Amino acid sequence: MAEISIFADESGEQGFQSKYYALTLVFHDQSDPVIPIFHGYEQTIRDAGLPDIPMHASPLLNGHDAYQHLGISQRKRLLTYFLSMLFKLPAQYVTLIYRKADYATLEQLGARIKRDIVNIVFDHLALFQSFDTIKVYYDGGQSLVTQAIHGAIKYALSKQAIIYRKGSPTDYRLVQVADFICTIELTALKYENHEQTATDERFFGSARTFKKNYLKKVRKHQLTAQ
């Protein structure tokens with residue numbers, strides 16, 4: 001039975017405190033093995049004497065939460081190793097980014113996200129219809145995302161083929177991948193608009209360096225138009 005999984009993660013709180021809201025969907029054909037790649041990543045960080053912390057890019061960059069006792073050099077290495085793992089993965093993604101000021105209410109933002117996901121599915125309808133089962137993994141942390149994803153997938157595809165799973169970053173590496181990509185795409189927008197922070201430049205360097213060392217490598221996994 002052919003099966004595709006969709007792993008979702010967002011950047012930005014549900015309110016209007018932050019300027020942008022980003023959502024990344026990572027698509028993985030379950031027939032393509034990823035466990036050996038994950039094991040290789042885990043061995044690499046063990047060999048480097050680094051802790052296997054579930055990737056959460058924003059706390060990593062800022063030295064918060066589980067990363068608070070790690071130095072900048074250690075966190076940079078974790079970022080680099082995770083990027084190397086991502087480069088090998090048989091997975092594709094799309095990232096949607098919204099400027100919150102463009103929407104008067106959260107309901108308007110949610111409706112726009114739902115419409116954009118519907119358009120993504122319709123643009124790749126043959127791909128999605130080629131699978132018997134579609135599994136959607138999201139931790140359910142924000143109702144805005146939950147409602148948009150569920151509504152869009154149900155509208156665009158057969159309800160019988162869809163299974164929803166609670167997708168915790170602790171349990172699924174590909175949710176961590178979605179988190180990582182979300183941060184990279186949001187950082188790209190910040191560089192483009194000259195809004196990068198001192199932390200961004202400390203980890204990624206100049207806009208040119210960031211594009212060469214991170215953005216181009218990540219975007220090799222973008223879901224291509226059909």
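Author: The buried residues of α9 are F210, Y214, L215 and V218. Please note that this is a predicted model.

Reader: What covers the buried residues of α9?

Author: Helix α9 spans residues 207-219, and F210, Y214, L215 and V218 are its buried residues. What covers these residues includes α3 (72-88), β3 (92-99), α7 (173-192) and α8 (198-204).

Reader: At which residue does α9 bend?

Author: The 13 residues of α9 have end C-alpha atoms only 15 Å apart, whereas a straight helix would reach 18 Å at 1.5 Å a residue. The helix α9 bends by about 30°, and the place of this bend is N213.

Reader: Are α1 and α3 roughly parallel or roughly antiparallel to each other?

Author: Helix α1 (residues 35-47) packs with α3 at an angle of about 160°, and their axes are 10 Å apart. Angles over 145 degrees count as roughly antiparallel. The two helices α1 and α3 are therefore roughly antiparallel.

Reader: Which residues of α1 and α3 make the contact?

Author: The crossing of α1 and α3 is right-handed. On the α1 side the contact is made by I37, F38, Y41, T44 and I45, and on the α3 side by L78, Y81, F82, M85 and K88.

Reader: Is H28 buried or exposed?

Author: Residue H28 lies in strand β2 (residues 20-29). Beyond its neighbours within four places in sequence, H28 is in contact with E3, I4, S5, F7, V34, P90 and L174. Under 20% relative accessible area counts as buried. Because its relative accessible area is 2%, H28 is buried.

Methods:
Residues numbered from 1 in each chain as written. Predicted model: local features only at pLDDT ≥ 70, side-chain atom pairs only at ≥ 80, totals over all residues. Heavy atoms only, no water. Helix = DSSP H or I, 4+ residues; strand = E, 2+ residues; numbered from the N terminus. Buried < 20%, exposed > 50% of the residue type's maximum accessible area, 1.4 Å probe, protein only. Contact = heavy atoms within 4.5 Å. Expected span 1.5 Å × (residues − 1). Bend = angle between axes of the 7 residues up to and from the residue. Axes fitted to C-alpha atoms, helices over the stretch in contact; angles between N-to-C directions. Parallel < 35°, antiparallel > 145°, perpendicular 65-115°, else oblique. Left-handed = near helix turned anticlockwise from the far one by under 90°.
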